[in-house]
Amino acid sequence: GHTGCGKSTILAQVIQRCFQSGWAVIHIPNVFDWTHSTNETRPSGMFPNMIDQPTEASNWLKRISMVNQQHIKMVCLAVFSTCSWFGLQMKLSESHSWSSQEQSSAGDSLEKVIELGLVRARFATDVTSLLIDEMLKAENKLKVLVAIDGFNGLFNPTSMKTSEGNMAEADRLSLVKVAVDLVTSKLPAAVVVALSTRGVKRMKKLLDPPAESLLLNKGQEVVKNFDWLEVPTFSRKEFDTCIDLYTSNGWIAKKINSNHKHQLWYLTCGVPSEISKTLSYI
């Protein structure tokens with residue numbers, strides 16, 4: 001869909017509906033925040049020759065663990081014999097080594113492992129990957145939604161640099177690898193993604209390029225079995241409903257007549273973001 005037509009809004013509505021229906025949600029708000037970050041990077045301890053982003057990984061781990069607190073209880077009941085999360089006894093299914101000096105053994109509390117990832121940001125990527133893996137193991141008991149905004153950022157050029165000073169490809173970032181592996185895994189999960197032209201415009205000046213050019217060859221291969229849903233701009237009826245909503249809620253200070261509506265339609269072409277922007281001046 002065109003820039004500003006509401007792809008991210010629809011994705012947010014899907015997330016809300018699934019969350020209210022008891023699904024676990026693994027959400028990436030904007031991939032381009034990863035691929036164009038200016039925060040600290042370090043060599044990955046989990047994936048050879050790859051780059052970790054401790055700050056971004058820690059934030060993502062915090063988001064997943066907070067959103068899915070109640071669902072993690074269900075995971076432990078489905079996967080482990082006993083669990084410990086806010087009163088339950090939740091334990092790891094297998095041992096993990098974070099460094100030569102720090103390990104987690106099978107039977108350790110998953111709560112303790114998540115805390116390790118939040119306190120020690122260098123382990124956040126590895127802990128997040130583990131947490132997602134454990135959530136997906138409960139596919140028979142837990143419905144999982146994977147929602148990614150700015151999905152094409154997983155395959156587009158980045159502004160990150162390697163330790164050698166060269167521009168890093170997106171697939172050199174460990175967080176990107178975790179996300180791509182998540183989308184391409186054969187474990188049951190509903191995957192909904194939205195493409196972004198705004199992120200691409202950080203690198204190039206593009207109007208509304210087709211999905212194929214946004215995803216490049218790598219991305220097209222990943223989503224070859226996906227069903228695409230175009231998000232159109234507003235129809236005239238939807239536009240009128242939107243204006244009536246603004247008016248009835250008192251969000252527009254001036255009275256809007258049919259002539260004003262016609263002019264707004266001409267100025268905005270029914271693009272939701274342009275409607276909101278234009279109405280903010282009225």
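1. Of the contacts in the protein with a separation of 6 or more, 66% are between residues 24 or more positions apart; contact here means heavy atoms within 4.5 Å. The model is predicted, with local features requiring pLDDT of at least 70 and side-chain atom pairs counted only at pLDDT 80 or more, while totals for chains, interfaces and linings use all residues. Residues are numbered from 1 along each chain as its sequence is written, and side-chain values use heavy atoms, leaving out hydrogens and water.

2. The protein has 282 residues, and 44% of them count as buried. Buried denotes under 20% relative accessible area, exposed over 50%, and partly exposed the range in between (1.4 Å probe, protein chains only). The accessible surface comes to about 15,500 Å², with 51% belonging to carbon and sulfur atoms; the areas come from the Shrake-Rupley method with a 1.4 Å probe, and for residues only the protein chains shown count as cover.

3. The secondary structure comprises eleven helices and seven strands. These are DSSP runs numbered from the N terminus (helices: H or I, at least four residues; strands: E, at least two).

4. I148 of β6 is the bridge partner of I28, and V191 in β7 is the bridge partner of V146.

5. T125 lies in helix α6 (residues 124-136). T125 counts as buried because its relative accessibility is 1%. Neighbours within four places in sequence aside, T125 is in contact with D52, A57, S174, L175 and V178.

6. The structure holds four aromatic pairs. One of these is F239 with W265, edge-to-face at 5.2 Å centre to centre and 65° between the planes. This pair links distant parts of the chain, F239 in helix α9 (residues 236-248) and W265 in helix α10 (residues 258-268), 26 residues apart. F239 is buried at 0% relative accessibility, whereas W265 is partly exposed at 24%. Rings of Phe, Tyr and Trp (its six-membered ring) pair if their centres lie within 6.5 Å; planes under 30 degrees apart count as stacked, over 60 as edge-to-face and the rest as tilted.

Conventions: Two strands pair if DSSP finds at least two bridges between them.
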